[in-house]
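Please look through the sequence and the model below before reading on.

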Amino acid sequence: MMATKPHRPWARKPIDTVRAQADSTGMTRTLGPVQLILIGIGCIIGAGVYVMTGTAAANYAGPAVILSFALAGLACGLIGLCYAELSSVLPVSGASYTYTYAVLGEAAAWGLGWMLMFEFGLAGSALAVGFAGYLGSLLGDFGVHIPAAFATSTVQAAQRGGDTSFSFAPSVNLVAPAALAVASLVLIRGIRQSAAVNTLLVVIKCGVLAGFVLVGAGHVDSTNWSPFIPANEGGFHYGVPGILRAASILFFAYLGFEAVATAAAEARRPQRDVPVGILGALLFSTLIYAVVALVLTGLVPFRSLGVPDPIALAVSAIGLPVVAVVIKVGALTGLGSVLLVNTYGQSRILFAIAADGLLPPALAAIHPIRATPANGTVTVAVISAVAAALLPISLLADMVSIGTALVFISVAIAVIRLRTTHPDLPRPFKVPIGGAWIGGQWIGVVPALAILACLLMMGPVLIDIVAKAIAGDWIPLSILLGYMLLGVGIYLGYGRHHSALRLAAD
């Protein structure tokens with residue numbers, strides 16, 4: 001009997017194979033550039049502007065939160081250019097996971113894919129928790145109150161000065177999982193229907209935000225912007241460290257262009273349309289974030305914005321309760337659209353990983369009628385629902401930001417390696433500025449800056465998490481390390497034995 005060849009965890013999927021697989025997924029190519037831009041906006045404009053802007057301003061940056069958005073947007077712009085180049089070369093469903101598999105090898109791809117699942121899963125949880133907060137606030141305006149035991153997470157966040165600590169409470173957030181269930185049902189029905197629903201939600205939420213800016217601009221009190229950068233009160237509490245810390249938690253808000261890249265297998269002309277979708281969504285969303293943050297911090301003192309519904313609070317503070325209700329409806333619409341697209345992106349990444357044999361094949365099964373990965377969609381929704389029921393949004397945002405930074409760094413490295421190993425590969429889109437060959441390695445200016453920017457975004461979060469663990473708050477660090485160890489165990493116990501790349505070699 002012939003001995004099985006040892007499987008090399010650094011084995012790479014051939015570029016030609018990846019490109020050939022782009023046309024054999026079984027999914028339908030129906031998305032054009034406008035729909036891809038709307039998918040990106042649908043995923044980017046959500047919790048970042050409706051929820052986390054208030055938290056970032058109140059606890060870390062003050063009115064200078066607009067600078068935090070600019071820093072996070074700049075970092076994501078650099079990464080967006082890297083995504084645009086890779087998606088034009090490898091227009092596939094797995095996005096950064098598949099890029100890494102082809103360029104850096106299977107073990108690196110599994111690690112990145114596992115972090116992508118972490119990133120998208122907890123982002124979906126954070127969005128669902130934000131949705132639950134605005135829904136509870138809206139229902140309260142009409143005298144309907146959801147019991148706290150069923151509307152708050154099991155892990156509770158408490159702010160003490162500039163520090164956040166976590167503890168357990170006898171409660172479970174049941175509203176957030178319900179929102180995830182609805183999003184998964186819409187996605188299972190089909191990509192055409194999902195794109196139509198997303199387009200409607202994007203139009204509504206952008207209209208509501210525009211209304212907030214127009215109404216709020218006339219009531220801005222410029223004294224609320226003074227001091228623009230509050231003096232540091234220790235740690236990451238205000239000052240320049242606070243601006244960086246706020247940028248690090250707002251970083252995950254730009255996750256939407258990863259969802260655009262995952263749509264490549266369902267785009268009509270992915271080499272052209274996906275780069276347009278990524279860069280268009282990023283530019284439009286950054287402008288919206290900046291304007292809304294400026295008006296928000298001008299309406300009320302920034303220290304009062306640490307609530308689940310900061311935009312509604314700001315409108316209520318100027319005596320416009322009816323407009324506040326409209327804003328809450330708009331926030332629910334906005335968070336709903338992001339939840340929809342986020343779940344879409346996560347399910348497509350799970351599909352790509354399972355199709356490569358690193359997870360059970362049932363997760364890559366395509367529904368015979370709907371032509372969607374129904375099993376995978378339900379799976380990711382259930383996992384996100386559990387996290388949403390148990391964890392607060394502040395903890396979720398930090399975890400997502402770490403996952404986002406690690407994934408983005410891998411994408412930038414993949415651009416550098418692919419330029420080095422395949423310099424003559426046709427590239428419909430190339431990162432600008434160029435680079436230099438150093439020691440036989442192509443080092444691009446944009447990818448190098450993107451890596452540095454991601455490290456800058458990730459640093460404050462890691463420092464904060466380690467400091468909390470040293471002080472006795474072990475929950476954030478244990479979740480992060482536990483998830484990573486689980487990923488290692490699944491790959492060693494299942495993935496490397498069932499790898500499609502290994503079976504093909506045998």
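Which residues do ring pairs link into a cluster? In this predicted model, the cluster consists of Trp110, Trp114, Phe118, Tyr483 and Tyr491, joined by ring pairs. A search of the whole structure finds seven aromatic pairs, and one of them is formed by phenylalanine 118 and tyrosine 483, whose rings are 4.5 Å apart centre to centre, with 35 degrees between the planes, a tilted arrangement. The pair connects distant parts of the chain, since phenylalanine 118 belongs to helix α6 (residues 106-141) and tyrosine 483 to helix α17 (residues 475-498), 365 residues apart. Both phenylalanine 118 and tyrosine 483 are buried.

The chain as a whole gives the setting for that pair. The protein chain has 18 helices and four strands, and of its 506 residues 58% count as buried. Among contacts between residues at least 6 apart in sequence, 81% join residues at least 24 apart. The accessible surface of the protein chain comes to about 18,500 Å², and 71% of that surface belongs to carbon and sulfur atoms.

Helix α5 (residues 96-103) is mostly covered, with eight of its eight residues buried; among them are the tyrosines Tyr97, Tyr99 and Tyr101, together with Ser96 and Thr98. Just after α5, glycine 105 takes a positive phi of about 110 degrees.

Where does glutamate 85 lie, and is it buried or exposed? Glutamate 85 is found in helix α4 (residues 65-89), and it counts as buried because its relative accessibility is 1%, below the 20% cut-off. Leaving aside residues up to four places away in sequence, glutamate 85 touches Val415, Arg419, Arg427, Phe429, Lys430 and Val431. One of these neighbours, Arg419, also takes part in another arrangement: the charged end of arginine 419 sits over the ring of tryptophan 442, 4.4 Å from the ring centre.

The cysteines can be considered next. A disulfide is a covalent bond between the sulfur atoms of two cysteines. The structure holds zero disulfides.

A polar atom of the side chain of serine 248 lies 2.5 Å from the backbone oxygen of arginine 245. An α-helix has 3.6 residues a turn, so residues three or four places apart point the same way. Apart from residues up to four places away in sequence, serine 248 touches Ser401, Met457, Pro460 and Val461.

Some places in the backbone also deserve attention. Most residues other than glycine have a negative phi, and most peptide bonds are trans. Against that background, a cis peptide bond joins serine 226 and proline 227, with omega about 0 degrees, and proline 227 lies in the loop between α8 (191-217) and α9. Tyrosine 238, found in the loop between α8 and α9, has a positive phi of about 75 degrees although it is not a glycine.

What is the phi of isoleucine 433? Its value is near 75 degrees, which is positive in a residue other than glycine, and isoleucine 433 is found in the loop between α15 (393-421) and β3 (435-438).

Methods. Residues numbered from 1 in each chain as written. Predicted model: local features only at pLDDT ≥ 70, side-chain atom pairs only at ≥ 80, totals over all residues. Heavy atoms only, no water. Polar contact = N/O pair within 3.5 Å; in protein donor to acceptor, adjacent residues only side chain to side chain. Contact = heavy atoms within 4.5 Å. Disulfide = S-S within 2.5 Å. Helix = DSSP H or I, 4+ residues; strand = E, 2+ residues; numbered from the N terminus. Buried < 20%, exposed > 50% of the residue type's maximum accessible area, 1.4 Å probe, protein only. Areas by Shrake-Rupley, 256 points an atom, 1.4 Å probe, with all protein chains shown as cover. Phe/Tyr/Trp six-rings, centres within 6.5 Å; stacked < 30°, edge-to-face > 60°. Lys NZ or Arg CZ within 6 Å of the ring centre and 35° of its normal.
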